[in-house]
Amino acid sequence: METTEKRNTIKSINPATNVLLKEFEITSPEKLEDILAKADKAFKTWKNTSFEDRAVILKKAAELILDKKQFLAELATLEVGKKISESIGEVELAAKFYNYYAEHAVDFLADKPVKTPLGDAFLSYDPIGTLLSIQPWNFPYYQVLRVGAPQLMAGNTMILKHASNVPQCAQAMEDILQEAGLPDGVFTNVFLPGNKVGELMDDPRIKGVMLTGSEKAGASIAIAASKNIKKATLELGGSDPFIVLDDADLDKAVQMAVYGRMYNSGRACASPKRIIVQENIADAFLAKALSIFDKLKVGDPMDPSTDVAPLSSESAVIEVLEQVDKAVEESATLVRGGHRIDREGAYMEPTLLTNITENMLAFKEEIFGPVFMFYTVKNDQEAIDLANATDFGLGCTIYASQDRAVKIGRQIDSGIIYINQLTTATPELPYGGTKNSGYGREQSEEGIHEFMNAKIMAIAKN
Ligand code: NAP
């Protein structure tokens with residue numbers, strides 16, 4: 001267990017062992033002032049740097065990330081407890097974002113001619129200044145880069161306030177950009193607890209904010225942003241449906257449902273949290289799912305043979321188990337798991353719940369852990385209604401014949417629908433939700449435009 005007495009620091013703790021790895025002083029108000037001043041000053045030159053010059057730096061950063069892949073992956077595994085293979089996958093994905101925007105930003109932000117009877121007109125996309133990037137721990141590199149890469153290429157500067165349990169990953173992202181030659185002040189990491197961020201939002205040098213995290217943090221940032229008339233994008237939680245209908249490839253659907261739900265120990269925003277299966281194939285689906293479930297090996301995230309790693313912290317495992325207990329207390333059926341594993345670290349059993357009904361908290365809340373919630377429906381309409389019976393609207397996966405799946409997908413209120421493949425992330429596709437899953441888009445061309453001033457230039461006819 002953590003041994004030092006409580007100090008005002010940001011702590012890096014290994015959730016697989018509960019050992020304190022490192023501590024960082026919280027960024028002092030004086031240092032924060034210096035960082036804000038430098039970011040503001042750096043913007044004045046960075047915004048006028050050519051796309052070509054910015055691209056050289058970002059491509060170098062991508063190269064450095066890949067050179068340091070093993071080191072970065074181990075760091076993420078140490079701080080978050082994610083499986084080493086998943087950390088390696090994340091590092092590779094993260095590097096793609098620097099390369100993608102280094103190549104495409106110039107086209108995404110090219111002047112856009114507009115037809116008008118007034119004469120020639122075009123939109124010029126201007127960066128707006130220093131942005132505050134508030135990110136969660138579950139993908140400690142990808143999350144930073146999916147907003148960092150487009151906005152740095154666009155000419156904005158950025159202050160990163162990462163989750164308090166990944167200070168080493170956060171610092172590594174700044175260090176790599178420095179090593180790649182990014183000018184001082186363009187991207188700076190700060191060590192701040194979430195509850196201190198409101199004050200930063202009031203600073204006039206911060207021009208916009210992107211937050212990925214919980215509904216609670218999202219609501220708090222939305223208030224701070226609107227009070228200060230600042231642009232915000234919010235990428236919040238989800239309780240994604242994974243719909244399987246009777247003309248799906250059943251084996252593939254089962255495999256992806258279990259794999260998807262256990263991936264990152266169930267701690268992905270767009271993890272398939274509610275598995276919704278058509279009644280006439282439900283028994284077969286569940287039997288196959290359980291046969292995979294029973295072979296899952298929970299263990300050390302550094303061990304390549306581990307299937308399910310620990311959660312990210314003591315508080316996370318306690319919270320998820322409380323949610324499971326509450327569901328059982330409210331009469332859900334616990335088919336597998338539901339308990340803490342008797343070893344040091346934030347380990348819990350992969351859990352499978354059925355008979356979850358509308359009145360239960362588990363029906364409404366996001367469960368951010370390896371908890372497979374199984375529902376059955378009679379037909380397509382019931383699947384749509386159940387999928388939409390949530391305050392969230394992030395992702396959704398549908399396994400069915402293609403036309404049927406597309407028809408259903410059109411009626412589901414979420415930002416991301418994947419058909420016959422598991423919801424995932426790639427730089428070319430926008431990412432983001434609707435309803436309480438937030439607003440705005442990251443990734444792709446949509447993502448880079450979120451923090452641009454689309455300035456109209458209208459030139460009178462001669
Ligand atoms: P969280 O508590 O909201 O933390 C996320 C980030 O927000 C951290 O950097 C945190 O800092 C900061 N924060 C917390 N309270 C804040 C406040 N009042 N003002 C400003 N910043 C604040 O979220 P989490 O529980 O760690 O992360 C998991 C959540 O993120 C889940 O709901 C998940 O679904 C969601 N998520 C969404 C996406 C997406 O793309 N939609 C992607 C990944 C995760 P501290 O760590 O210092 O508290």
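Tutor: Ile-229 lies in the loop between helix H8 (215-227) and strand E9 (231-235). Helices (H or I, at least four residues) and strands (E, at least two) are DSSP runs, numbered from the N terminus. Keep in mind that this is a predicted model: local features need pLDDT of at least 70, side-chain atom pairs count only at pLDDT 80 or more, and totals for chains, interfaces and linings use all residues. Residues are numbered from 1 along each chain as its sequence is written, and side-chain values use heavy atoms, with hydrogens and water left out.

Student: Is Ile-229 buried or exposed?
Tutor: Go by relative accessible area: buried means under 20%, exposed over 50%, partly exposed in between (1.4 Å probe, protein chains only). Ile-229 has 79%, so it is exposed. Its backbone deserves a look too: phi is positive, about 50°, although Ile-229 is not a glycine.

Student: What does Cys-169 touch?
Tutor: Contact means heavy atoms within 4.5 Å. Setting aside residues up to four places away in sequence, Cys-169 touches Leu-75, Ala-76, Glu-79, Pro-140 and Tyr-141. Cys-169 is part of helix H6 (residues 167-179), and because its relative accessibility is 0%, it counts as buried. For a sense of scale, Cys-169 and Gln-381 are 44 Å apart, C-alpha to C-alpha, and 212 residues apart in sequence.

Student: And where is Pro-272?
Tutor: In strand E11 (residues 272-278). Pro-272 is buried because its relative accessible area is 3%. Leaving out neighbours within four places in sequence, its contacts are Asp-240, Phe-242, Ala-257, Gly-260, Arg-261 and Leu-422.

Student: Let's zoom out. How is the chain divided into domains?
Tutor: Domain bounds come from an automatic or database domain assignment. Here the assignment gives domain 1 (5-237 + 437-458) and domain 2 (241-422). Their centres, taken over C-alpha atoms, are 30 Å apart. As for the contacts joining them, 23 residues of domain 1 meet 27 residues of domain 2.

Student: Why does the radius of gyration agree with a compact globule?
Tutor: It is taken over C-alpha atoms, and the globule rule is 2.2 Å times the number of residues to the power 0.38. For 462 residues the rule gives a value near 23 Å, and the protein chain has 23 Å, so the two agree. Along its principal axes the C-alpha trace spans about 70 × 65 × 40 Å.

Student: How many helices and strands does the chain have, then?
Tutor: It has 15 helices and 18 strands.

Student: What percentage of the residues is buried?
Tutor: Buried residues make up 56% of the 462.

Student: And how do I read the sequence separation of contacts?
Tutor: Take the contacts between residues at least 6 apart in sequence, then ask what share joins residues at least 24 apart; in this chain that share is 70%.
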